[in-house]
Amino acid sequence: MSQKNLVTFKNLKTSFHTDQGVVRAVRGVSFDIPYQSTVALVGESGSGKSVTALSLMGLLPKPQGKIEGGQIFFEGEDVLAYSKDQIRQLRGTDLAMIFQEPMTSLNPGLKVGYQVAEVFYRVLGQDKKTSRKKAIDMLRRVELPRPEDLARSYPHELSGGQRQRVMIAMALASSPKLLIADEPTTALDVTIQAEVLDLMRRLQEDTGSSILLITHDLGVVAEMADYVVVMYGGRVVEKAPVMDLFDRPLHPYTQGLLRARPRLGQSGQKLFNIPGGVPDPRSLGGQCDFYDRCAYGQAICQEGEPQLVEAYPGHQVACFMSKEGKAPWDQSSCK
């Protein structure tokens, strides 16, 4: 296992067993998260992004959620072979997660200072006095005003941006090696989004941690990510360094996501949208998952599932119609 990678997902397969059938949410996903880097997982809701992260965290809902194949290496060790105690220890120290809606993640009945202090007290085993002091220091570190006073507040007394900063403080309290940010700015207005993203970037520089950024917002991707993994139907359809992906998108789905971005000067114009909807994960397989929504589909696309191939160094795509980096559509429309 390469020492340059903090995390490696290798052919991960995760399913949910429901009364309506087996939902194959993640189907053979493979990608790396290098040390001190930001990798963005991109795709529509239902593409398998969050389930991929929850598989690493050991937080799949039981008994429905099951990892049915593959491996996840963290610093060279397969965490899927860990015991419950081992994965809980890893989750409390080296792994941390920020969720998209802090109001549902924070305990509404506990003061925010107490909730941050719990990380130091219960997870890191420090005494209560030290934990309280470090909790206030963390609130100050994420640039919350009057941290001593704010620590005595309940979550409902804070704004959405303040609650998200409290969640970041909790996540970073244990100095994790990997921070998983699941749509961390979705519930925030544009101005606060920019502040939170800038804060995350500066804290990453200070701590040297890696970030797995889960989002559908390509503006956030352009600002934060070093590398992008595009998911559709539980599979990876394209992965590339961030600038390569924006300059030379090779998959029709990636192109559609880029074309759907709002642009300056488009006031009053209808935004582009990808026709159709995300396929039912219970009926995937046997052909290209994107075929029914793709304007460039051919007979070959119904003959099997395209596999990832390297079109350019470090740039892979799973599409029968974009072999060797040649796409049958105008990529300039994405820019």
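Which residue in E2 is the bridge partner of His 17? In E2, that partner is Val 22. Hello everyone, and let me walk you through the rest from there.

A word on the ground rules. This is a predicted model, where local features need pLDDT of at least 70 and side-chain atom pairs count only at pLDDT 80 or more, while totals for chains, interfaces and linings use all residues. Residues are numbered from 1 along each chain as its sequence is written, and side-chain values use heavy atoms, with hydrogens and water left out. When I say helix or strand, I mean a DSSP run, numbered from the N terminus: helices are H or I with at least four residues, strands are E with at least two.

Let's begin with the sheet that holds our opening pair. E1 and E2 run antiparallel and are joined by 11 bridges.

In the loop between H1 and E4 you will find Pro 63. The peptide bond leading from Lys 62 to Pro 63 is cis, with omega near 5°.

Now for some rings. Rings of Phe, Tyr and Trp (its six-membered ring) pair if their centres lie within 6.5 Å; planes under 30 degrees apart are stacked, over 60 edge-to-face, and the rest tilted. That rule gives 4 aromatic pairs. In one of them, Phe 9 and Phe 31 have ring centres 4.6 Å apart and planes at 25°, so this pair is stacked. Phe 9 sits in strand E1 (residues 5-18) and Phe 31 in strand E2 (residues 21-34), so the pair ties together parts that are 22 residues apart in sequence.

Are these two buried or exposed? Phe 9 counts as buried, at 2% relative accessibility, and Phe 31 is buried too, at 3%. Here buried means under 20% relative accessible area, exposed means over 50%, and partly exposed is in between, using a 1.4 Å probe and protein chains only. Gly 21, also in strand E2, is partly exposed at 24%.

Elsewhere, Tyr 232, Tyr 253 and Phe 290 form one aromatic cluster.

On to the other sheet. This open sheet has 8 strands, in the order E6-E7-E8-E3-E9-E10-E12-E11, with mixed pairing. Strand E6 (95-98) and strand E11 (309-312) are the edges; each has a single partner strand, so one side of each is left without a neighbour in the sheet. From one strand to the next, the twist averages 25°. E11 and strand E12 (residues 315-317) run antiparallel, joined by 3 bridges, and Tyr 312 stands opposite His 315 in E12.

Next, a helix. H4 (residues 112-123) has 12 residues and reaches 16 Å from its first C-alpha to its last, close to the 16 Å expected, which is 1.5 Å times one less than the number of residues. Its buried residues, including Val 116, Ala 117 and Phe 120, pack against helices H5 (128-141), H6 (147-150) and H7 (160-172). In H5, Ser 131 is buried at 1% relative accessibility. Leaving aside residues up to four places away in sequence, Ser 131 touches Ala 117, Phe 120, Tyr 121 and Gln 126; contact means heavy atoms within 4.5 Å.

Finally, some positive phi values. Just after H4, Gly 125 has a phi of about 75°. Arg 146, which is not a glycine, has a positive phi of about 45°; it lies in the loop between H5 and H6 and is exposed at 57%. Glu 183 has phi near 45°, but this residue is buried at 8%. Its loop runs between strand E7 (178-182) and helix H8 (190-207).

Key:
Two strands pair if DSSP finds at least two bridges between them. Axes are lines fitted to C-alpha atoms, for helices over the stretch in contact, and angles run from 0 to 180 degrees between N-to-C directions.
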